[in-house]
Amino acid sequence: MLVFAQLSDTHLDGGGHRAERTARVMAHLDGLPLDAVLVTGDIADHGEPAEYEQAVKALASRHPVLMCPGNHDARGPYRAALLGEPPSGDPVDRAHTVAGALFAMCDSTIPGRPGGFLADETLTWLDERLAADPGAPAFVCFHHPPVRVGIPYVDGIRQSGEERLAAVIERHPRVVAVLCGHAHTAAATTFAGRPLLVAPGVVSTLRLPGEAGDVADETAPPGFALHILDGGGRLTTHYRTL
C-alpha cells in the first residue's frame with residue numbers, strides 16, 4: 001500500500017500568517033504514516049529568493065517532500081533554494097520513485113504568464129519516464145489543471161494544449177491518476193480516462209460561482225489531500241482541513 005499527502009498553493013511571502021498555515025499542515029502530516037508529501041506548486045508568492053528560504057524551513061518534513069513549480073514561482077530562485085542547482089530558465093521536471101511508484105513532477109508554468117502549458121521537452125521527458133517501467137504505478141503531477149473546473153477565474157488561466165498531454169497518458173496504462181493544484185479548492189474529475197484530483201489551497205480557498213464574497217476566502221482553514229493506493233491498484237482520496 002502507498003500512502004501520500006498532497007498540498008498546494010502555500011504562496012509563502014516572507015510573513016508569518018502564511019507560514020503559520022503551512023506549518024499547521026506540515027505538523028499534522030509529520031504525525032501521519034506517509035510515504036511522501038507532494039507540493040503541487042505556487043510555493044512562493046512572488047518567486048523571490050527570500051520566500052524560498054522561508055519555504056525550505058516551512059516545508060521541512062520527516063517524509064520525502066516532492067515538489068513542482070506553479071505560476072507564482074520563478075524557475076531560477078526555485079532551483080537555487082529548493083534543489084541546490086544553478087539558476088536556469090529550463091522547465092523544472094523531476095521524477096521520483098517512492099515505494100515502487102513513479103511520481104513525475106512536471107513544470108506546467110509559462111514564465112511571466114499565469115496560465116499553464118507543458119513544453120514539448122517536458123512531454124518528451126514524461127513519455128520516456130512512463131515508458132521506462134511499465135509495470136509500476138505512476139502519478140503525473142503539475143500545477144495547472146488541464147481541464148475546466150467550473151470556476152471562471154481558474155478556467156481562464158488553466159493549462160492549455162491538453163490534448164498533447166492526453167495522448168501521452170493514454171499510451172501508458174500505468175498512470176493511476178493526474179494530480180494538480182492551482183484551483184485553491186478540493187476537486188475531482190477525470191482526464192484522459194484517469195482520475196484528475198485537485199488539492200485544496202493552503203493559503204486560501206476560492207469561492208464557487210454564486211457564493212458571496214471575494215474570489216478567495218483567506219479565512220477558510222488550510223487543507224490537504226491524502227491519497228491511498230492499495231495493493232489491488234485502487235486509489236482512494238480523502239480531503240482534510242485543519
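Guide: Start with strand 1 (residues 2-7) and strand 2, which pair in the parallel sense over four bridges. Note that this is a predicted model, where local features need pLDDT of at least 70, side-chain atom pairs count only at pLDDT 80 or more, and totals for chains, interfaces and linings use all residues. Residues are numbered from 1 along each chain as its sequence is written, and side-chain values use heavy atoms, with hydrogens and water left out.

Visitor: What makes strand 1 and strand 2 a pair?

Guide: Two strands pair if DSSP finds at least two bridges between them. Strand 1 and strand 2 have four bridges, so they pair. Ala 5 stands opposite Val 37 in strand 2. Strands themselves are DSSP runs (E, at least two residues), and helices are runs of H or I, at least four residues, all numbered from the N terminus.

Visitor: Why is a crossover called right-handed?

Guide: Point the strands away from you: the path from the first strand over the helix to the second then runs clockwise. Strand 1, helix 1 (residues 16-30) and strand 2 also make a right-handed β-α-β unit.

Visitor: Why is Arg 18 called buried?

Guide: Buried means under 20% relative accessible area, exposed over 50%, and partly exposed in between (1.4 Å probe, protein chains only). Arg 18 has 17%, so Arg 18 is buried. Asp 13 has 34%, so Asp 13 is partly exposed.

Visitor: What makes Arg 18 and Asp 13 a salt bridge?

Guide: The term asks for a side-chain nitrogen of Lys or Arg within 4 Å of a carboxyl oxygen of Asp or Glu. Here the closest N and O atoms are 3.8 Å apart, so the pair qualifies. Salt bridges that share partners join Asp 13, Arg 18 and Asp 45 into one network.

Visitor: How many salt bridges does the whole structure hold?

Guide: A search finds 11. One of them joins Asp 127 and Arg 171, at 3.1 Å from N to O. Asp 127 is in helix 4 (residues 120-132), and Arg 171 is in the loop between helix 6 (162-170) and strand 10 (175-180), 44 residues apart.
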